[in-house]
Amino acid sequence: MSSGSRKAVLAAFSADAGITLAKFAGAFFSGSSSMLAEAVHSLADTANQGLLLIGRRRAEQEPDALHPFGYGRNRYFYAFVVALVIFALGSLFAIDEGIAKIRHPEHLEDSTVAIVILVIAMILESYSLFTARQASAPLKGRTSWWRFIRNTRNPELPVVLLEDSGALIGLVLAFLGVGLTTLTGNPVWDGIGTVAIGVLLGFIAVVLIVEMKSLLIGEGATPDEDRRIRAALTGDPRIDRVLNLKTQYLAPDQLLVAAKVAMSPGLDIDSAAVVLDEAEARVRGAVPSAGDVYIEPDLYRARSV
């Protein structure tokens, strides 16, 4: 895990832990189902940051005979588990609680406490989201935030970004549910706010499940990285062309590169070995995440028409 993503996860963990305690206290004193749903949401978020940190620790294990390419995919696996936790513990609980409150409305006991805690939680979540955005900015570049979440090979930053964004929107929904209940005297609004929070969490969970599943199965280099690798391979005139190139991310900072290249005829074994070693060094220079690089020389055979 890069220092930026580690900082984002730790900031989210600290903020979520404090928010969780405050929300449970607010739910207890106010009797608000929106607040309770948000408390469970924050509890899930806190557990999720812990899972991301565990994944990072597991990913640092040294390669062995059973896993010769290392344990880097642990970061993808634990991020996938996080998405499942958001769906099961956050979304389904909130929807079930909201429906129960709509069917059997209960008046709030003290909405002031709930509103104060929601405002404090918004401030803390905003800090966490700001930290995650700062950590993501160097990797994001000029692309949109949605494209960054869909395309990045880093599993922690999309999780934190979506969790914090969802938490802020969820807090607004909870605020509206509590506020409308207070203004109208109708506790059904609190239940509606709770269901809305559950639907929001469900959407976030599905997005993360799809993205993390793709990373867990194995994604290749980005189009820009693919171009740079090909340019690096053919940076020596003694390599005529790239015949085949396959890549796969084993971890966010570990790209496996396997290439078959056509070399100029007449090279002896020693010269060919030097050319391939230099090409390997150029690939690592062009794409720093390239870890294991395998280059196989071959003959170019034009297709017959």
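Over residues 76-95 the chain is 100% helix and 0% strand, with 28 Å between the end C-alpha atoms. Helices (H or I, at least four residues) and strands (E, at least two) are DSSP runs, numbered from the N terminus. This is a predicted model, in which local features need pLDDT of at least 70 and side-chain atom pairs count only at pLDDT 80 or more, while totals for chains, interfaces and linings use all residues. Residues are numbered from 1 along each chain as its sequence is written, and side-chain values use heavy atoms, with hydrogens and water left out.

**Domains**

- The domain assignment divides the protein chain into domain 1 (1-217) and domain 2 (223-298); such bounds come from an automatic or database domain assignment.
- Taken over C-alpha atoms, the centres of domain 1 and domain 2 are 41 Å apart.
- Nine residues of domain 1 are in contact with ten residues of domain 2, where contact means heavy atoms within 4.5 Å.

**Annotated regions**

- In an unreviewed entry, UniProt annotates residues 76-95, 115-136, 157-180 and 192-210 as "transmembrane region". UniProt positions are given in the numbering used here, feature names are shortened, and annotations may be inferred rather than shown by experiment.
- The span of residues 157-180 is 100% helix and 0% strand, and its end C-alpha atoms lie 34 Å apart.
- The feature "domain: Cation efflux protein cytoplasmic" is placed by UniProt (unreviewed entry) at residues 224-296.
- Residues 224-296 are 38% helix and 41% strand, with the end C-alpha atoms 22 Å apart.

**Nonpolar surface patch**

- Ile102, Val119, Ile123, Val172, Phe175, Leu176, Leu180, Leu183, Trp189 and Ile192 make up a nonpolar patch on the surface, and together they have about 860 Å² of accessible area.
- Patches are made of residues with over 30% relative accessible area and no salt bridge; like charges are joined within 9 Å, and nonpolar side chains (Val, Leu, Ile, Met, Phe, Trp, Tyr) within 5 Å. Accessible areas come from the Shrake-Rupley method with a 1.4 Å probe, and for residues only the protein chains shown count as cover.
- At least two residues of the nonpolar patch come from each of α4 (111-140), α6 (156-184) and α7 (188-217); α6 supplies the largest share, five residues.
- Tryptophan 189, one of the patch residues, is placed in helix α7. With a relative accessible area of 35%, tryptophan 189 is partly exposed; buried means under 20% relative accessible area, exposed over 50%, and partly exposed in between (1.4 Å probe, protein chains only).

**Salt bridges**

- The count comes to eleven salt bridges, each being a side-chain nitrogen of Lys or Arg within 4 Å of a carboxyl oxygen of Asp or Glu.
- Glutamate 156 and arginine 75 form a salt bridge whose closest N and O atoms are 2.8 Å apart. Glutamate 156 lies in helix α6 and arginine 75 in helix α3 (residues 74-103), so the pair ties together parts that are 81 residues apart in sequence.
- Glutamate 156 counts as buried at 1% relative accessibility, and arginine 75 counts as buried at 5%.
- Arginine 153 and glutamate 219 also meet through their side chains in a salt bridge (3.4 Å, N to O). Arginine 153 lies in the loop between α5 (145-151) and α6, and glutamate 219 in the loop between α7 and α8 (223-233), so this pair ties together parts that are 66 residues apart in sequence. Both arginine 153 and glutamate 219 are buried.
- In the salt bridge between arginine 238 and aspartate 236, the closest N and O atoms are 2.9 Å apart. Arginine 238 is partly exposed at 31% relative accessibility, whereas aspartate 236 is buried at 7%.
- A network of salt bridges links Asp224, Arg227 and Arg228.

**Individual residues**

- Threonine 46 is found in helix α2 (residues 33-59) and counts as buried, at 13% relative accessibility. Not counting residues up to four places away in sequence, threonine 46 touches Phe13, Asp16, Ala17 and Thr20.
- Arginine 284 is located in helix α9 (residues 269-286) and counts as partly exposed, at 34% relative accessibility.
- Neighbours within four places in sequence aside, arginine 284 is in contact with Ala290, Gly291, Asp292 and Val293.
- Arginine 284 and arginine 58 lie 226 residues apart in sequence and 25 Å apart in space, C-alpha to C-alpha.
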